[in-house]
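Please consult the sequence and the structure shown here.

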Amino acid sequence: FSIKHSYEGEATNFNLDTRLLTCNDQIMAKHDVNNYLNLDASSSLEIIFTYDVEWEQSNIPWSSRWDVFLASPSGPDDKIHWFSITNSTMIVVFLTLMVAMILVRTLNKDIASYNAVDDEDKEESGWKLVHADVFRPPAFCPLLLSVLVGSGAQLGAMALLALSFAVAGLLSPANRGSLITAMLMLFVFMGSVGGYASARIYKSFHGLERLKCTTYTAIAFPSLIFFVFIGLDLALTAVKSTGAVPFSTLAALLALWFGVSAPLVFFGAYFGYRRELPPCPVRTNQIPRQIPPQPWYMKPLFTALFGGILPFGAVSVELFFVMSAIWLHQIYYIFGFLFLVVLILIATCAEIAILLCYFQLCNEDYRWWWRSVTNSGACALYVYVYAIWYYLFELNMASGLVPTLLYFGYMSLISLVFFLITGNIGLQVCSNFIFRIYASIKVD
């Protein structure tokens, strides 16, 4: 059933200014069964949809009206979040014990053995054997690796600052677009961080195409995001969706990109190239050392799959709530939990990267640059697989090509962002780890 409305004027001239005779500012709506309209699918009917709004006076300040959502210490969601934090903490504790065992026992024993005066004639073995090759630049696309590291550093700085502002209460859940706007502006202003990180890593590779590296850092990742966004926006425009972004907004994004972000990338890269690198603790041979055959469990694919599952396990529960907020329009307001989970993710990625890097060096494989990125960044693959599962079993999305394109397009971008951030964490901690352990041994 519906309400059988009557109105002034002709039916062909019905618009927003048409005055309803059955419900207006002079006549209150009445609950009368005689005014019901029988919806018969076999006939053509005119149906007018209306709604009523009743405003009530409230003495609660606007800034405090969201406290009913924020102050729920005994709610069921909080228990789930605490369970997620506990589960993630156990993973971190396990990895910390493993890393501590390696650093305190194995490494100290190795370093003491390598530095023993009476063992000069002892044949080198283990990770010391590759000391003359461990700082050799990667043979495969060092420029691409530098660009990925720079983009990951820029995204990581953006995410940490945005979460810090949200935890401090500067980004209210009452304004649903405030977090996206803040992340966009922070990404633009963190261009200097991306340029600096890219320049430092490319300088350590002794790269000669510095201008190309900085230019790619400024335009590569934003270009991918922009063109995917344009494609999805055109799909929304084709189906006449109100969610399509107007041209003026796209022009503003281009102005921020080329007017602010790109110059900041070059600004950060200038200081990155200008600053001197710390002296390398060991010399690099001109001729690369031959790498012995590796066992099956040290193959790149296996270590990446193993290295990615633990960081994903640390964030999987919280990821469900974040995706529900994105795709099911639920309110996400517990940024404190999310901030703790992100810290646990950083610790997990760092520790798993150190573990796998140490095992790789012990097997006399010095090609650790790309492996350190893929070992920790592989959790993005599990995020995408989780997105497929969420689409099939949790998300009741309208059927059609455009909704499916929107979902998988944006989830692909989110997974890529996840890969860049976690991959950058893995490379940075492995670089620092290797520098420190090789600076602790005596090499002729």
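## Burial and surface

Of the 444 residues in the chain, 41% are buried, where buried means under 20% relative accessible area, exposed over 50% and partly exposed in between, with a 1.4 Å probe and protein chains only. The chain exposes about 25,800 Å², of which carbon and sulfur atoms supply 65%; accessible areas come from the Shrake-Rupley method with a 1.4 Å probe.

## Basis of the model

The model is predicted: local features need pLDDT of at least 70 and side-chain atom pairs pLDDT 80 or more, while totals for chains, interfaces and linings use all residues. Residues are numbered from 1 along each chain as its sequence is written, and side-chain values use heavy atoms, without hydrogens and water.

## Fold

The chain has 12 helices and two strands, these being DSSP runs (helices: H or I, at least four residues; strands: E, at least two) numbered from the N terminus. Along the sequence, the order is β-β-α-α-α-α-α-α-α-α-α-α-α-α.

## Helices 8 and 9

The axes of helix 8 (residues 300-327) and helix 9 (residues 335-362) come within 9 Å and cross at roughly 175°. Helix 8 is therefore roughly antiparallel to helix 9, a term for angles over 145 degrees; the axes are lines fitted to C-alpha atoms over the stretch in contact, with angles from 0 to 180 degrees between N-to-C directions. Residues making the contact include Phe306 and Leu310 of helix 8 and Val341 and Leu345 of helix 9, contact meaning heavy atoms within 4.5 Å.

Phe306 lies in helix 8 and is partly exposed, with a relative accessible area of 41%.

Technical notes
Angles under 35 degrees count as roughly parallel, over 145 as roughly antiparallel, 65 to 115 as roughly perpendicular and the rest as oblique.
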